[in-house]
Amino acid sequence: MEKSVMKTTDGRIITTYEFPLRPEKQPFGQFLYDSKTGQVLGRTSKSWGQLMLFYFCFYVVLAALFAICMQVLLSTMNHQYPKWQLDASLIGTNPGLGYRPMPENIQEGAMIHYTAANKTQVKEWVNRINDFLAPYRDQTLLPGGGKNQAICDFTNAPAQGNVCAVDVTKLGPCNIEEGYSYNKSAPCIFIKLNRIYGWVPEFYDDINDLPDDMPTDLIDHIKSLPEQDRKQMWVSCNGLAPADVESIGPIEYFPHRGLPAYYYPYTNLPGYLSPLVAVHFARPAVKQSVNVECRVWAKNVIYRGGMRDRQGSVNFILLID
């Protein structure tokens with residue numbers, strides 16, 4: 001709308017408004033290509049060329065900036081070891097504890113629930129353990145084919161560049177041939193320590209310097225071992241509440257009651273596998289939830305129980321129908 005002001009001869013001021021004419025409706029075909037002006041989709045070829053040139057330059061500059069930023073970031077990183085380690089890292093120096101098998105459905109929480117007479121359910125849990133233990137059994141699945149793995153013990157540390165193999169053939173009833181005893185209502189749970197680069201455990205290897213809250217059976221076990229075999233991070237499992245302690249039944253540990261010293265520190269060498277403790281619940285109560293807590297014992301592992309902010313331990317529920 002345009003406004004115009006006029007002054008008459010007698011001194012009056014007249015204001016007039018002119019409304020723009022509504023443009024003619026353009027057929028869609030003419031919008032696609034206007035033969036009179038040569039426009040395509042409302043733009044001339046020159047206008048389209050300028051627009052495409054602008055966006056081409058814009059995205060080239062954007063990609064170049066992204067590439068420069070990524071190059072600067074990658075130049076500060078090392079694929080062999082993390083830049084920030086131990087106390088300087090977000091992970092810190094207190095490793096967490098994990099267990100296998102775990103439920104596939106997150107809604108089930110930390111519950112191992114199955115019916116021992118149901119072959120399908122038993123097979124599901126056995127297959128999860130098989131998948132987890134596959135690289136332990138087949139070295140070809142490891143980087144480099146596991147050629148740098150060596151048999152270690154408390155007197156033979158691995159040579160430079162080698163890692164200690166984890167023997168999964170001496171797990172008692174927690175073997176693949178017996179289906180990890182799941183069909184016998186006596187399941188095996190595999191306990192492992194989360195990896196922290198460069199972290200070295202401090203062991204309770206002095207029988208006169210054991211914690212007051214350490215389980216009696218674990219103390220007796222440590223005292224029964226030769227001194228050289230005591231350099232382990234010990235593992236203990238028990239019921240979380242008094243009712244769970246009564247229901248959990250006898251517990252066995254394979255191949256050791258702990259995680260031996262020769263597997264540490266973890267330095268990201270190819271072929272490395274975390275050591276395991278197979279915990280065999282020989283006669284847990286059936287048709288009853290048993291809340292289990294497994295804990296690792298080392299001088300530099302902080303323990304804190306509870307359902308939130310748990311440290312140095314792991315909690316799960318056994319429910320066998």
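This is a predicted model: local features need pLDDT of at least 70, side-chain atom pairs count only at pLDDT 80 or more; totals for chains, interfaces and linings use all residues.
1. As background, nonpolar side chains in soluble globular proteins tend to be buried together.

2. F190 deserves a separate look. Once its neighbours within four places in sequence are set aside, the residues in contact with F190 include I129, F132 and L133, and among the others are G98, Y99, R100, L171, C174, Y180, L276, V277 and A278.

3. Turning to the cysteines, the count comes to three disulfides, and when the bonded cysteines of the protein chain are numbered in sequence order, the pairing reads 1-2, 3-4, 5-6.

4. The disulfide between C152 and C164 has an S to S distance of 2.1 Å, and it is left-handed because the torsion about its S-S bond is about -95 degrees. C152 sits in the loop between β7 (149-150) and β8 (163-164), whereas C164 is in strand β8, and the two are twelve residues apart. C152 has a relative accessibility of 11% and therefore counts as buried, and C164, at 3%, counts as buried as well.

5. In the disulfide formed by C174 and C188, the sulfur atoms are 2.0 Å apart; the torsion about this S-S bond is about -80 degrees, so this disulfide is left-handed. The pair links C174, in the loop between β8 and β9 (188-193), with C188 in strand β9, 14 residues apart. Both C174 and C188 are buried, and C174 is also one of the residues in contact with F190.

6. C237 and C294 form a disulfide with their sulfur atoms 1.9 Å apart, and here the torsion about the S-S bond is about 110 degrees, so the disulfide is right-handed. Because C237 lies in strand β10 (residues 232-239) and C294 in strand β14 (residues 290-297), the pair ties together parts that are 57 residues apart in sequence. C237 counts as buried at 6% relative accessibility, and C294 is buried with a relative accessible area of 0%.

7. Two further cysteines may be noted for their accessibility: C57, at 39% relative accessibility, counts as partly exposed, while C69, at 54%, counts as exposed.

Terms used
Residues are numbered from 1 along each chain as its sequence is written. Side-chain values use heavy atoms; hydrogens and water are left out. Contact means heavy atoms within 4.5 Å. A disulfide is a pair of cysteine sulfur atoms within 2.5 Å. Helices (H or I, at least four residues) and strands (E, at least two) are DSSP runs, numbered from the N terminus. Buried means under 20% relative accessible area, exposed over 50%, partly exposed in between (1.4 Å probe, protein chains only).
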